[in-house]
Amino acid sequence: MTLKEVYNSRSVEEVVGLLGEYGSEAKLISGGTDIVIELKNKKITPKILIDISKIEELKKIKEDENHIILGSGVTFTEITENPLFKGNLHGLHKACKMVGSPQIRNKGTIGGNIANGSSAADSIPPLIALGAIIKICSIEGTREIPLEDYYINKLKSNEIITEIKFEKLNKNQNLNFAKLGLRKALAISRLSIASLIELNEEGLIENVTISSGALGKYPMREKEVEEYLINKEINETTIEEAITVLQNSMDERLKGRSTLPYKRVAVSSILRENLKEFIKTRTEVEA
């Protein structure tokens, strides 16, 4: 198939109409950090390209009383430069700051990171930990699904992700992120862990969500670790036991995989870093 036309769309409605008309023959492009490489290497051969980079409603960061809402066209740089993502949301800030090079962060978008579907996408574990919901539009209407379910049932060929939203955190909650790449500069994440932890008045974990990247076929919740951590105080003993719980879960999930021995060792480092960062952050807040 030969690329015949590029549409410079100005509205979501126009994009939805084009996707409804062309379906699998069309591909969306915004930052282009992934799709340009795929086009060059002929991994994809669309008939139509739909440029959504100029659609203003996809480029907005908004908040209401209870939620923060990201347009799917918001770049990683725009997230890292927005004060909303400092403080107890610094885990998302950190993950976006670690995406590729400055040039990639300037062009790459949060929606593109989701739609690309990589198990190693940096921004996804923090968003899953936050319980993020994605809004998807097509000629059939609008639907919203939890981000953690997206990787099981991905986009249809006539759909576009328009928004990502999650609930604001309270003062007792904190989002953290840790990543292990092959090298510091431009590292594609090989393993990553995000945690959203809420303490009660006694300093014990009241609520916790742990999510991982590249520890399976897609980013996912680590529910066994979550269950272990409930009502625990975060200390050296708890951290080491949480690592064991995660390793046991990986043993079952990655059974027979050649990468398992490496990942068992590596995951101990990043989960330890993540939970110790939480201790450090809470200490700084209370000081």
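Modeller: The model is a predicted one. The buried residues of helix 1 are covered by elements that include strand 1, strand 2, strand 3, strand 6 and strand 8.

Colleague: Which residues of helix 1 are buried, and on which side of helix 1 do they lie?

Modeller: The buried residues are Val12, Val15, Val16, Leu18, Leu19 and Tyr22. Because they cover an arc of only 165° around the axis, they lie on the same side of helix 1.

Colleague: Which exposed residues does the face of helix 1 turned away from its buried side carry?

Modeller: An α-helix has 3.6 residues a turn, so residues three or four places apart point the same way. On the face of helix 1 turned away from the buried side, the exposed residues are Glu13 and Glu21.

Colleague: At about what angle does helix 1 run to strand 8?

Modeller: Helix 1 spans residues 12-22 and lies across strand 6 and strand 8. Just after helix 1, Gly23 takes a positive phi of about 55°. The angle of helix 1 to strand 8 is about 130°.

Colleague: In what order do the three strands of the parallel open sheet lie?

Modeller: Strands of a sheet pair through backbone hydrogen bonds, either parallel or antiparallel. In this sheet, strand 1 (5-8) and strand 2 (26-29) are the edges, each pairing on one side only. The twist from one strand to the next averages 25°. The order is 1-3-2.

Colleague: What is the strand order in the antiparallel open sheet?

Modeller: This sheet has five strands. Its edges are strand 4 (61-63) and strand 7 (141-146), each with pairing on one side only. Neighbouring strands are turned by 20° against each other on average, direction ignored. The order is 4-5-8-6-7.

Colleague: Which residue in strand 8 stands opposite Ile134?

Modeller: Strand 6 (residues 133-138) pairs with strand 8 (residues 160-167) in the antiparallel sense, over five bridges. The residue opposite Ile134 is Ile164.

Colleague: How many residues does the largest nonpolar core have?

Modeller: In soluble globular proteins, nonpolar side chains tend to be buried together. Here the residues with the most contacts inside the largest core are Ile114, Leu127, Ile134, Leu147 and Phe166. Helix 7 (residues 124-129) gives the largest share, four residues. The core has 34 residues.

Colleague: How many residues are in the other core, which lies apart from it?

Modeller: Among the members of this other core are Leu191, Ile243, Leu246 and Ala266. The number of residues is 26.

Colleague: Is Thr209 buried or exposed?

Modeller: Thr209 is in strand 11 (residues 205-213). Beyond four places away in sequence, Thr209 touches Ile128, Ala129, Ala194, Ser195, Leu196, Arg221 and Glu226. The relative accessibility of Thr209 is 15%, and the cut-off for burial is under 20%. Thr209 therefore counts as buried.

Colleague: How many disulfides does a search of the whole structure find?

Modeller: A disulfide is a covalent bond between the sulfur atoms of two cysteines. Cys96 counts as buried because its relative accessibility is 0%, and Cys137 counts as buried because its relative accessibility is 10%. The number of disulfides found in the whole structure is zero.

Methods: Residues numbered from 1 in each chain as written. Predicted model: local features only at pLDDT ≥ 70, side-chain atom pairs only at ≥ 80, totals over all residues. Heavy atoms only, no water. Pairing = 2+ DSSP bridges. Helix = DSSP H or I, 4+ residues; strand = E, 2+ residues; numbered from the N terminus. Axes fitted to C-alpha atoms, helices over the stretch in contact; angles between N-to-C directions. Disulfide = S-S within 2.5 Å. Buried < 20%, exposed > 50% of the residue type's maximum accessible area, 1.4 Å probe, protein only. Contact = heavy atoms within 4.5 Å. Core = buried A, V, L, I, M, F, W, Y, C linked by side-chain atoms within 4.5 Å. Arc of directions from axis to C-beta.
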